[in-house]
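Load the model in your viewer and show it as a cartoon.

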Amino acid sequence: MKLTIIGTGYVGLVTGTCFAEVGHQVICVDNDAAKVALLQSGGLPIYEPGLEELVNRNVAAGRLHFTASTADGVTNSDIIFIAVPTPQLPDGSVDLSFIERVAREIAGAMTSYKIIVDKSTVPVRTGEKVAETIKRYCKTKVECDVVSNPEFLREGFAVTDLMKPDRIVVGVRSQRPVAAMKEVYAPFAAPIVVTDIHSAELIKHASNSFLALKISYINAVSVICEATGANVQEVAAGMGMDERIGRRFLNPSLGFGGSCFPKDLSAFVQIAGQLGYDFGLLKEVQKINAEQMNRFLKKITDTLWVLRDKKIGVLGLAFKQNTDDVRMSPAIELCQRLQKEGATLRVHDPKAMDKARPLLPDATYVEDMNEVADGCDALVIATEWEEFRQLDLERTRKALSHPIIFDGRNLFDPEEMERLGFIYKSIGR
Ligand code: UGA
């Protein structure tokens, strides 16, 4: 099938590439000419495991193309996916201006029937607005169908999530586009859930909010564990064995971050409010998340007392493992707050150092994770990178001026760390 994806961010680029991988002809459009030039020359604007190889293979096979022209994309495809950013506005609502502009551009280029699919995360009822806009701005008055097809990929696992999805959600306003949408997704061998367009839009916000709620729940439980001497890892393992609950997303942390959960929670609370419902439950999820960071910082100041003139090593800058994305990263917030208290930082991240530099210009960037602790008063683990488990602990203990580790991701065993001579403070244990 001939498919166009507008927007080459984490969602658009990976989606387009995976569509090409299963045999579709794909055009990826971006209005950032420099990004398009980079992609055309074989470079990638983001780090995502497995993506580079997939892009190269599909470009070489002639199935994946990049252009800055929306008109090219619209003319040469039957189905147009919108995957542009929907950032948060200062009041917590969603900025839909990119979606609206793309809808007008598509309308202006349409000369035959098209299926327009929204993949960006949007408030319920956005599909209706997109359909109205296209109808208004399409001079040729050709028909189109607008579909909601939310994306559930996680950064850092995007290729796997896309190639082996749990489900595909297709929200429609009529049955006409359903067969074509099923054909697009047939190679992925996943259940396809067809709903009305509002329900599909809601499935996305409700799913992300529920996952964030699950994290805040275990983070709240971690506070009770600390107060009682219980171990949150054991509580999570015991809870997770109940199939109705499940173990995933019960990892305590210094809070969730990234470009999705914080933004989507705010948006869902806002939308609910506009519809006359006070979503107090989700406001509490946000509150617990903010408190979790405060509590972690308090652990650091309770131990180190004054932070002015202290040198702290920080492992992890990305908002989670396997990505170079630092947007709304709890690790960055933690670093900024430590610096505000007067600490100087030595930091390391396997992939996110370049993107962190503008946000933390005064930190010292260390290439080797084993050298971060050198001369520091304490070491902090802020991102759950698997490779941090391989840290040379013997060297780290000797390198620290005091053998103190604050682990915001519970990567190590507290008993083992004490045996090795560390003062080791983690979450809920
Ligand atoms: C999230 C959802 O998981 C995806 O299904 C969704 O498609 C995506 O948002 C989106 O809307 O585009 P993502 O933000 O990439 O994916 O990352 P997650 O793996 O969900 O992690 C989000 C945050 O929660 C990270 O800061 C992570 O460290 C934290 N987290 C996650 C925890 O603190 N504990 C956990 O158990 C799991």
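How much area is buried between domain 1 and domain 2? About 1,600 Å², with carbon and sulfur atoms giving 51%. Buried area here is the accessible area (1.4 Å probe) that two parts lose on being put together, summed over both.

This is a predicted model: local features need pLDDT of at least 70, side-chain atom pairs count only at pLDDT 80 or more, and totals for chains, interfaces and linings use all residues. Residues are numbered from 1 along each chain as its sequence is written, and side-chain values use heavy atoms, leaving out hydrogens and water.

**Stop 1: the two domains.** Colour 2-190 as domain 1 and 211-425 as domain 2. These bounds come from an automatic or database domain assignment. The C-alpha centres of the two domains lie 33 Å apart.

**Stop 2: the interface.** Now pick Y47, Q88 and E155: they supply 34% of the area that domain 1 buries against domain 2, more than any other three residues.

**Stop 3: the salt bridge.** The term means a side-chain nitrogen of Lys or Arg within 4 Å of a carboxyl oxygen of Asp or Glu. The rule finds 1 salt bridge across this interface.

**Stop 4: two loop residues.** Select R125, between strand 5 (114-118) and helix 6 (126-137). R125 has a positive phi of about 85°. Then go to M328, between strand 9 (311-315) and helix 13 (330-340). Its phi is also positive, at about 50°. Helices (H or I, at least four residues) and strands (E, at least two) are DSSP runs, numbered from the N terminus. Most residues other than glycine have a negative phi.
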